[in-house]
Amino acid sequence: MRLSRALTTNTEGREGASRVAPLLSSGVSKGSLPGPYPQTPEERAAAAKKYNLRLEDYQPYPDDGKGYGDYPMLPNRSQQERDPWYSWDHPDLRRNWGESMHWDFDMYTRNRVDTSPSPVDWSTMSKTLLGYLGFMLLMFGLGEVFPMYQPVMPKQYPYNDLYLERGGDPEKQPKPVKHYEI
Amino acid sequence: MYMTPMMLSSSLVLTLNILLYPLLTALDPTPKKPQWASTHVKTAVSTAFFISLIPLMMFLDQGTESIMINWHWMNTSTFDINISFKFDHYSLIFTPIALFVSWSILEFASWYMHSDPYMNRFFKYLLLFLVAMIVLVTANNMFQLFIGWEGVGIMSFLLIGWWYGRSDANTAALQAVLYNRVGDIGLILSMAWMATNMNSWEIQQIFFLSKDFNMTLPLLGLILAATGKSAQFGLHPWLPSAMEGPTPVSALLHSSTMVVAGIFLLIRLHPLMENNQLALTTCLCLGALTTLFTATCALTQNDIKKIVAFSTSSQLGLMMVTIGLNQPQLAFLHICTHAFFKAMLFLCSGSIIHSLNDEQDIRKMGGLHKLMPFTSSCLTIGSLALTGTPFLAGFFSKDAIIEALNTSHLNAWALALTLIATSFTAVYSFRVVFFVTMGTPRFLPLSPINENNPAVINPIKRLAWGSIIAGLIITSNFLPLKSPVMTMPFMLKLAALFVSIIGLLSAMELAAMTSKQFKTTPTLPLHNFSNMLGFFPSTIHRLMPKLNLTLGQLMATQLLDQSWLEKSGPKGIASMQIKMSTHASDPQQGMIKTYLTIFLLTSTLAILLMLL
């Protein structure tokens, strides 16, 4: 009797119901999955506790129909930015156990996008690179229009420019062909 | 009986089988002795080298080349795929050179990796790479070439990520695979075009039929493939990142053999490109841009392996320029001579790194000329050969290329860039030699400097011999297929030498300034550009993955559901209606009397018009 009651899932409306999930040894409990957007301060506090964040740090995504629910909006910082010398629980991931994961955590792993600050700021970098590429393309275009070559002349063959060998008439006098000047 | 073809084919098949034997025995699950790597793999490679000299001598003596079709693998009624080997001028010369260099590198690796618990696996990977490379080089059809192509790519991934516990090594291995994959798009495009238009993947048939077709599309595909594999500009960042792998890997894969696979593909299929001006110009301009860009990046690097990696990339750009000049044989000559001195530079770097207790920063080396005389001498010989010092190995290929550049009708900017890059070569080579061998030591006194191990000295010695005499031997024995231009003005003939000397002198001048303190850190934007590799990795590696991954994430989680469940049904119709109704109701100001008056007026007008 107690076992069957414990196995039933519908506890809504029952007074004194403290368990809202079946007595199973595996699977997540209903309160630990992400839920809808928190409307009241109590829901906010419960959501912050669920995600292991302090209430001050907990900031959900704005509720504009994109489907984020109450998932926290963590700063867009890659794992590469985290302290390499701190003794993390998972040193290769630079993450502690139970820490709430970023929505795009698979993008911010150490093998992928890196948001760590660069010595030169982004706009300077992109402008320099694009400027360099544009300059190179322009100069290549100019180089195609004004190519470099060694000036050469047509080849001067002997025997009247090989008149007989090219099938000229032996009776006629060939016209002199001269490609050079002295 | 015709002895020569039989001997040729037999010795070449024997070479391949000798290389395959350790791999096949490695499939046996019983663990191998720790010396298996040295006794089996190294011996196999050296034996294969000596046997591959037989066909080379036959080719020298009688000019025999052969094409062997071994097995009709997949043959349908319309399409044939065979296992066929082409042993022509290119593969007959390249195979012994690749085996010689690999033999030296394997011997060196037995010292370098001796403390590694998985040395046998390391040697197995290197041997598998070598087999894939030889399959690529001797392939007579595109499918076999593709097998070798992918094989070297996969082995590159496994070997760069050898120390997979290090996250940077994993990133570098991923970079190599992804960039090579982009190049593979081009190769597969060309293969698909050839299969559908020429109905064959055999090289002879492709050459024969190419006269009837406009080959621009497959040629651009092949150039894309070479851009990926040979690290030309645009797909180049994987090569300096690949220095995360052990030094023997850098020496074998990323200097002498794998990265030349792209150039080799273009050399092999050069007859398709000879008459296509667009493809030639693309090769020329891309190669010139690559060689200057990577030489610029090499000027300010501080990791010795990165400098050598960028110099490899610069030389690959030079080879691409040579292909753009319609000189495949000169490009091949440069591949052969480059293999010797580049592998030697890497081995010397590896020797220095291990001797200084794994220190790779040249700012923390110095004075090694007195402490490691043999290694520093070979480093200098290798650098001299790289810059094209007269009558060393690099001179015969590099000087011939620059002469051909100077006397051709070509893009003037490409010529200018190549000459500037040649002078930069001298600059960064001198920088390496200055920081590493000259001056006073900048490392801790108790460093395990030891040059007495023959496993280190003999490979470097062999490669040093190669760097000195290989150019002379190859050019004396093989006639050029295209006659070089014999007459040119004096200044053009010595142009390469002049720019190298100018580079060397300016580098010496700059090096003399290092002992005088002008500024603590350089703040010039040019230094930033060069040190951060042209800002290319810092921008592209942050932008492109972010765009693609967020797009993928957005599409999978939001856009698909939103569009099919909301936008195409209720919400979409609702928003359209709202828009239309707001537009339509804006003019509705609620002025009923005005509307009635206008209605009466217009209806009266209409009735009057109808009556009239």
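Visitor: How many Å separate the centres of domain 1 and domain 2 of chain B?
Guide: This is a predicted model. The domain assignment of chain B gives domain 1 as 331-513 and domain 2 as 540-611. Taken over C-alpha atoms, the separation of their centres is 69 Å.

Visitor: Which residues of chain B make a nonpolar surface patch of about 620 Å²?
Guide: Start with Met591(B), in the loop between helix 25 (570-585) and helix 26 (592-611) of chain B. Met591(B) has 42% relative accessibility, so it counts as partly exposed. The patch is made by Met591(B), Ile592(B), Tyr595(B), Leu596(B), Phe599(B) and Leu600(B).

Visitor: Which residues do salt bridges that share partners join into one network?
Guide: Arg54(A) and Glu56(A) meet in a salt bridge at 3.5 Å, N to O. Arg54(A) is exposed because its relative accessibility is 53%. Glu56(A) is exposed too, at 61%. The network joins Arg54(A), Glu56(A) and Asp57(A).

Visitor: What is the relative accessibility of Asp168(B)?
Guide: Asp168(B) meets Arg166(B) in a salt bridge, 3.5 Å from N to O. Arg166(B) is partly exposed, with a relative accessible area of 43%. Asp168(B) also counts as partly exposed, and its value is 32%.

Visitor: How many salt bridges does the structure hold over all chains?
Guide: Side chains of opposite charge can pair when their charged atoms come close. Over all chains, the count is 16.

Visitor: How far apart are the end C-alpha atoms of residues 129-149 of chain A?
Guide: An unreviewed UniProt entry places a "transmembrane region" at residues 129-149 of chain A. Over that span the chain is 81% helix and 0% strand. The end C-alpha atoms are apart by 31 Å.

Visitor: What percentage of residues 139-422 of chain B is helix?
Guide: UniProt, in an unreviewed entry, annotates this span as "domain: NADH:quinone oxidoreductase/Mrp antiporter transmembrane". Its end C-alpha atoms lie 33 Å apart, and strand makes up 0%. The helix share is 76%.

Conventions. Residues numbered from 1 in each chain as written. Chains lettered and ligands numbered in written order. Predicted model: local features only at pLDDT ≥ 70, side-chain atom pairs only at ≥ 80, totals over all residues. Heavy atoms only, no water. Patch = residues over 30% accessible without salt bridge, like charges linked within 9 Å, V, L, I, M, F, W, Y side chains within 5 Å. Areas by Shrake-Rupley, 256 points an atom, 1.4 Å probe, with all protein chains shown as cover. Salt bridge = Lys/Arg side-chain N within 4 Å of Asp/Glu carboxyl O. Helix = DSSP H or I, 4+ residues; strand = E, 2+ residues; numbered from the N terminus. Buried < 20%, exposed > 50% of the residue type's maximum accessible area, 1.4 Å probe, protein only. UniProt positions renumbered as here; feature names shortened; annotations may be inferred. Domains from an automatic or database assignment.
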